[in-house]
Amino acid sequence: LFRPMPLNTILQGWSRSSSSDMNSFFHILPLKEKQRVNTLEMFDEYEGWHCKCNHYMLLCAFQGTCTALGSVLPMPHLLAQPEKFLEKELEVWPLDMKYGSTPITRYAHSSAQLCGGEILISSGFGCVSPRCPHMRLNDIQLLKPDRMGKWVSIAVPIHGTGPGKLMHHSTTFIPSMNSVLLYGGRTSPAQANGLCYLLQCDSDSAQCHIEPVHIDNTSEMPEPRWRHTATCIVNSGNDYVAVIGGCSSRTTALDDCFLLKTREWKFEKLDVRLPEGRHSHYAVAYKNSIIIIGGLDIVAEPVGSCLELSCTDDVWQLKELEFEMPLPSRYGVAGVLTEDLLWLLGGIQLYMTPGLLVVNLLHRTWMEYRLKCPGPQSLLHGHTCHRFADSLIVIGGGSNYFSFGTSLNLTPFVIAVPFNTTTI
């Protein structure tokens, strides 16, 4: 029978003691040991793993000639990063959903905002009803406001042949086609989807047609992947989709970039490499370039670098942007861009709970809002978000926390955001 004991009682008789949370302990392991651990088995539950490691610690006590070993373990505060929180807190509230709406309870899904403001949500891991067991999902939902100001989610019938059950895939709205491109994702850490699908959704009739995209077989195809980004950019009136990084069955963190030409459906591999290799990052089109921020590297360490992928005279270049103060290292964020401000919500950062990070891409500065959540089950990882008027709509969220079980946000959330701020 376990009996709680004061720490000073446990350590009586020992000359020295040292402690570390498990994230800090993993951080100091040699690179070769981290690489060895990553090859032991297929693994993809990074969010739950990092959250759980924040809750566990390693306590060592030393005596005699072993006392010098007490300085080996790192203290978490030595690895913590600078904070720049604003005084104002932003409140997080459950979205006002219409009675009878289809539940949106999932993580590792993907969503895209259509031209009318409706949000298309696809697949992920979760459940479609309160009594349904947790599972990988194969569905399309449409989230939109009704005339009374309430939000309604509708399970949309799917016509055509799709990829099946997926997690960590991407959905990208292509304006010129008024369609959504679905790419990548996985059915298990051993099986990735390497195909593209085009989704055409009619929000009025709540119908969705999906069909495979036939890619030009003369192009160099990306390795099938998940936890990547697929960002639509417009150049000379044509739509392109930049596929960046991700995971594959062979590589923990990919370092390549591809450009999909939607007019002829042909991939082009770009002659650039992500410096650390990364997945679970965020990417957004900004002016004539793509901003890539955050993510996990090849040994599952969060990175804070911000990269700019740009094209000059048909030559693609990748450079790191320098900020007034280094950006926090985090991954799994969701975000939106308003002019020069990048709003990054949640994600995983070691030793602290992220809020709403506001990055000024013009002045290379950043600040962060704390979030005031309505309850403990407001999980801001494994989620997506979109702007609607002066608010952020937060969809899904959660993870598998191993022995703690799987936890999921039970409803979408809304955050009133000061998008017109000039203080960053």
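The accessible surface of the chain comes to about 20200 Å², and 53% of that area belongs to carbon and sulfur atoms; such areas come from the Shrake-Rupley method with a 1.4 Å probe, and for residues only the protein chains shown count as cover. This is a predicted model, in which local features need pLDDT of at least 70 and side-chain atom pairs count only at pLDDT 80 or more, while totals for chains, interfaces and linings use all residues. Residues are numbered from 1 along each chain as its sequence is written, and side-chain values use heavy atoms, with hydrogens and water left out.

**The chain as a whole**

- The secondary structure comes to 5 helices and 32 strands, where helices (H or I, at least four residues) and strands (E, at least two) are DSSP runs numbered from the N terminus.
- The radius of gyration of the chain is 22 Å, close to the 22 Å that the globule rule gives for 424 residues, so the chain is as compact as a globular protein of that length; the radius is taken over C-alpha atoms, and the rule is 2.2 Å times the number of residues to the power 0.38.
- Taken along the principal axes, the box that the C-alpha atoms fill is roughly 75 × 55 × 45 Å.
- Of the 424 residues, 53% count as buried, a word that means under 20% relative accessible area, whereas exposed means over 50% and partly exposed lies in between (1.4 Å probe, protein chains only).
- Among contacts between residues at least 6 apart in sequence, 59% join residues at least 24 apart, a contact being heavy atoms within 4.5 Å.
- There are 33 positive and 39 negative side chains, and the centres of the two sets lie 6 Å apart; Lys and Arg count as positive and Asp and Glu as negative, with His and the chain ends not counted, and the place of a charge is taken as NZ of Lys, CZ of Arg, CG of Asp or CD of Glu.

**A buried arginine in a loop**

- Arg-225 lies in the loop between β15 (207–212) and β16 (229–235), and with a relative accessible area of 0% Arg-225 is buried.
- A polar atom of the Arg-225 side chain lies 2.9 Å from the backbone oxygen of Glu-223, and the backbone oxygen of Gly-245 also lies 2.9 Å from a polar atom of this side chain.
- Not counting residues up to four places away in sequence, Arg-225 touches a set of residues including Tyr-183, Asn-193, Cys-247, Asp-256 and Phe-258.

**Two residues in strands**

- Gln-207 has its place in strand β15 and counts as partly exposed, at 29% relative accessibility.
- The side chain of Gln-207 makes a polar contact with the side chain of His-159 (2.4 Å); a polar contact is a pair of N or O atoms within 3.5 Å, and within protein one must be able to donate a hydrogen and the other to accept it, while residues adjacent in sequence count only if both atoms are side-chain atoms.
- Although Gln-207 and His-159 are 48 residues apart along the chain, their C-alpha atoms are separated by 7.8 Å.
- Thr-172, in strand β10 (residues 170–174), is buried with a relative accessible area of 5%, and a polar atom of its side chain lies 2.7 Å from the backbone oxygen of Ala-230.
- Leaving aside neighbours within four places in sequence, Thr-172 is in contact with Ser-179, Val-180, Leu-181, Ala-230, Thr-231 and Cys-232.

- His-50, which has its place in α4, counts as buried at 2% relative accessibility, and the backbone oxygen of Ala-300 lies 3.5 Å from a polar atom of the His-50 side chain.
- His-50 and Arg-330 are 280 residues apart in sequence but 11 Å apart in space, C-alpha to C-alpha.

**Positive phi in two loops**

- Lys-287, in the loop between β20 (282–286) and β21 (289–293), has a phi near 55°, a positive value in a residue other than glycine, and Lys-287 is exposed, with a relative accessible area of 63%.
- Glu-339, in the loop between β24 (334–338) and β25 (341–345), has a positive phi near 55° and counts as exposed at 74% relative accessibility.
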